[in-house]
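Please take a moment with the sequence and the model before reading on. The paragraphs after them go from the whole chain to single residues.

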Amino acid sequence: MFGIGLYTAYGQFSIAGINGSLLVALFTRIAVGIGWYRLFDRAGKNPMYAFAPLLGPYEAFRLAWDDFSMAFIFASTTFVAFVAAVGIDFPIINACAIINFIMWWFLQLLTCKAFNFSYFLGFISAGIPWAGVPLMGFWPTGGAYHGAWSTDPEADQNLSPAERKKKRRKAEKEAKKQGNK
């Protein structure tokens, strides 16, 4: 999310004793948090999660792709990429920043699918996160949450509408039986 080489680009600047790359990273994170706030609200999640350091990226990824492990990897690499943005330079941190960069693009395109946005908007939010994600959050058309993409072959998204209805009715019957016992 924070980009690769952020410290190289802005590290030599200082405003009131604060490193320029840290300011850019904080501004980007706050802008992304504002956009996620609106998306979390649309999806029925607690919108305050959008600003939490590890929980925000984790929940954002879970909204787009229903996979715990990939969401955990995204959340942790986002945190590590933030560390790279402030100027700590180790090969493993740079590798995490590259992984996060790739997963960020993937997340934005899956978010377009989950919220029924144009993929053009996904490319804007992936390339310019501080502008694109708030734009996605406040986009007037579309935006109804359709659910996360799943790679589980048993997931509901792989069923036909008639099969989903049948499965739902069966679950309702089972719930009534459990309630009567």
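This is a predicted model: local features need pLDDT of at least 70, side-chain atom pairs count only at pLDDT 80 or more; totals for chains, interfaces and linings use all residues.

Residues are numbered from 1 along each chain as its sequence is written, and side-chain values use heavy atoms, with hydrogens and water left out.

The protein has 8 helices and 2 strands, where helices (H or I, at least four residues) and strands (E, at least two) are DSSP runs numbered from the N terminus. Read from the N terminus, the elements follow the order α-β-β-α-α-α-α-α-α-α. Of the 181 residues, 35% are buried; buried means under 20% relative accessible area, exposed over 50%, and partly exposed in between (1.4 Å probe, protein chains only).

Helix H3 (residues 55–64) and helix H4 (residues 68–85) have axes that come within 8 Å and cross at roughly 145 degrees, the axes being lines fitted to C-alpha atoms, for helices over the stretch in contact, with angles that run from 0 to 180 degrees between N-to-C directions. Contact means heavy atoms within 4.5 Å, and the residues making it are Pro 57, Tyr 58, Phe 61 and Arg 62 of H3 together with Phe 68, Met 70, Ala 71, Phe 72, Phe 74, Ala 75 and Thr 78 of H4.

Further along, the loop between helix H5 (91–115) and helix H6 (119–127) holds Asn 116. Most residues other than glycine have a negative phi, yet Asn 116, although not a glycine, has a positive phi of about 60 degrees. Ser 118 caps the N-terminal end of H6, with a side-chain oxygen 3.1 Å from the backbone nitrogen of Phe 120.

Within H6, the buried residues are Leu 121, Gly 122, Ser 125 and Ala 126. Why do they lie on the same side of H6? They cover an arc of only 135 degrees around the axis, and this puts them on the same side of the helix, the arc being that of the directions from the helix axis to the C-beta atoms. The cover over these buried residues of H6 includes H5 and helix H7 (129–137).

Helix H7 also contains Ala 131, which is partly exposed, with a relative accessible area of 29%. The C-alpha atoms of Ala 131 and Thr 28 are separated by 8.5 Å, although these two residues are 103 residues apart along the chain.

Notes:
A polar contact is a pair of N or O atoms within 3.5 Å; within protein, one must be able to donate a hydrogen and the other to accept it, and residues adjacent in sequence count only if both atoms are side-chain atoms.
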